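The following paragraphs lead through a protein structure element by element. Please keep the sequence and the coordinates at hand while reading.

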Amino acid sequence: MKPILKLYRGYANEQELIVMGHVFKPTTIQDYNFQKKNIKNARSIINLFSAKTQANADVYLEHNGIKIHTKTLDDGYFKFCVPLDQSKKYGWIDYQVTIVYKDKIITAKEYYIRPHKGNFGIISDIDDTFLVSHSLNPFKKLYVLLFRDIHKRKVFDDVVSHYQALSFAGRQNKEEQNAFFYVSSSEWNLYRFIIKFTEIHQLPKAVLLLKDIKTKLTDFFLTGRGNHNHKFEKIKHILEFYPNLEYILLGDDSQKDAYLYEAICKIFPVTVKAVYIRQTGNHKKEKIMSLLRNLETLKVAVCYFKNSSEAIAHSKTIGII
């Protein structure tokens with residue numbers, strides 16, 4: 001057995017590169033894989049919340065011909081925030097990280113995005129925004145997570161068409177795509193599940209920003225719960241990191257997305273172009289409608305929709321797509 005080095009998609013602007021990941025204690029790859037043949041979905045999902053992380057592990061980023069050294073935090077998480085050379089590369093760029101275990105080098109590769117200049121950054125929630133999750137019913141949400149195979153999990157109708165259109169919004173060069181960020185109250189434990197799901201449904205490739213990893217099985221039953229301050233901080237960080245992009249924010253009314261987005265629009269009154277909120281219940285919520293009307297006074301385009309076809313029509317109306 002050997003440690004597992006897991007990298008996540010990173011991001012960069014003109015001056016700084018940010019990449020991150022986790023180091024897990026030695027285990028078998030069979031225990032680590034969440035989609036392994038002959039292992040029932042429930043067991044494989046639970047395994048994601050049972051992984052043991054390695055604190056204070058030595059981690060090395062190889063970048064621009066230089067090896068940069070850091071160590072993992074108490075929960076096995078590491079993050080490199082390093083100056084970026086004046087590269088002319090844009091789009092998705094690969095990076096490499098290594099750890100050493102018993103004199104053997106373990107290497108992992110991933111990508112970071114450096115958005116092309118101009119146009120849009122798209123920030124989307126995950127649960128009940130594009131992934132049908134039943135957040136309003138915690139018991140059903142856990143049941144679906146445990147017993148519904150990833151290939152049987154569903155996206156909302158037309159959401160893929162909307163997101164794919166947004167990925168090219170305002171782009172003259174079809175080889176370039178807008179930067180997507182999926183920000184969620186789900187934990188890093190579910191990273192590989194979310195990546196696989198987005199690949200299956202051909203959703204735009206995105207940077208994921210999730211909550212701190214859970215390492216106790218009892219924490220599994222609280223997945224996605226708790227306060228959403230981390231989402232606000234991560235969204236605020238993205239807008240500060242890329243001040244020259246215009247933003248489209250997408251969420252739903254099952255939790256606090258609309259309230260977080262309202263605060264973001266008030267702090268960044270120039271850069272948020274549009275806010276989209278999916279209706280998850282049978283009726284629109286009066287508080288959400290009032291909040292969105294308030295945003296319109298800040299010249300933010302808003303759309304409170306039940307079906308993604310309505311969101312697509314709205315995006316066309318305001319000239320985004």
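In which loop is Lys299 found? Lys299 is found in the loop between α8 (286-296) and β13 (301-305), where helices (H or I, at least four residues) and strands (E, at least two) are DSSP runs numbered from the N terminus. The phi angle of Lys299 is near 65 degrees, a positive value in a residue other than glycine. Lys299 is exposed, with a relative accessible area of 76%; here buried means under 20% relative accessible area, exposed over 50%, and partly exposed in between (1.4 Å probe, protein chains only).

The model is predicted: local features need pLDDT of at least 70, side-chain atom pairs count only at pLDDT 80 or more, and totals for chains, interfaces and linings use all residues. Residues are numbered from 1 along each chain as its sequence is written, and side-chain values use heavy atoms, with hydrogens and water left out.

A second residue with positive phi is Asn64, which is not a glycine and has phi near 55 degrees. Asn64 lies in the loop between β3 (58-63) and β4 (66-71).

These two strands belong to a sheet. Seven strands form an open sheet with mixed pairing, in the order β4-β3-β6-β7-β1-β2-β5; two strands pair if DSSP finds at least two bridges between them. Because β4 and β5 (77-83) stand at the edges with a single partner strand each, one side of each has no neighbour in the sheet. From one strand to the next, the twist averages 25 degrees, with axes taken as lines fitted to C-alpha atoms (for helices over the stretch in contact) and angles running from 0 to 180 degrees between N-to-C directions.

Within this sheet, strand β1 (residues 2-12) pairs in the parallel sense with strand β7 (residues 104-114) over two bridges. The bridge partner of Gly10 in β7 is Tyr112. Helix α5 (residues 191-200) packs on the sheet and touches β1 and β7, its direction making about 55 degrees with that of β1; contact means heavy atoms within 4.5 Å.

Strand β1 is also joined to β2, by eight bridges in an antiparallel arrangement. Ala12 has Leu17 as its bridge partner in β2, and a hairpin of three residues connects β1 to β2. Strand β2 (residues 16-27) is mostly covered, with nine of its twelve residues buried. Seven bridges join β2 to β5, and these strands run antiparallel. In that pairing, Val19 stands opposite Phe80 in β5. Cys81 counts as partly exposed because its relative accessibility is 43%.

A second open sheet has six strands in the order β10-β9-β8-β11-β12-β13, and the pairing is parallel. Its edges are β10 (207-211) and β13; each has a single partner strand, so one side of each is left without a neighbour in the sheet. Here the twist averages 15 degrees from one strand to the next. Strand β12 (residues 272-278) and β13 pair in the parallel sense over five bridges, and Ala274 stands opposite Ala301 in β13.

What are the dimensions of α6? Helix α6 (residues 229-241) has 13 residues and reaches 18 Å from its first C-alpha to its last, close to the 18 Å expected at 1.5 Å a residue; the expected span is 1.5 Å times one less than the number of residues. Its buried residues are His230, Lys231, Phe232, Ile235, Ile238, Leu239 and Phe241. An α-helix has 3.6 residues a turn, so residues three or four places apart point the same way.

The axes of α6 and helix α7 (residues 257-267) come within 10 Å and cross at roughly 35 degrees. On the α6 side, the contact is made by Lys231, Phe232, Ile235, Lys236 and Leu239. Helix α7 contributes Asp257, Leu260, Tyr261, Ala263, Ile264 and Ile267.

Cys265 of the chain counts as buried because its relative accessibility is 1%. Its sulfur is 14 Å from the closest cysteine sulfur, in Cys303, and is therefore too far away for a bond. With a disulfide defined as a pair of cysteine sulfur atoms within 2.5 Å, the count comes to zero disulfides.

Finally, Gly170 has its place in the loop between α4 (159-167) and β9 (179-187). With a relative accessible area of 35%, Gly170 is partly exposed. Leaving aside neighbours within four places in sequence, Gly170 is in contact with Asn119, Phe120 and Ile320. The C-alpha atoms of Gly170 and Ile320 are separated by 6.8 Å, although these residues are 150 residues apart along the chain.
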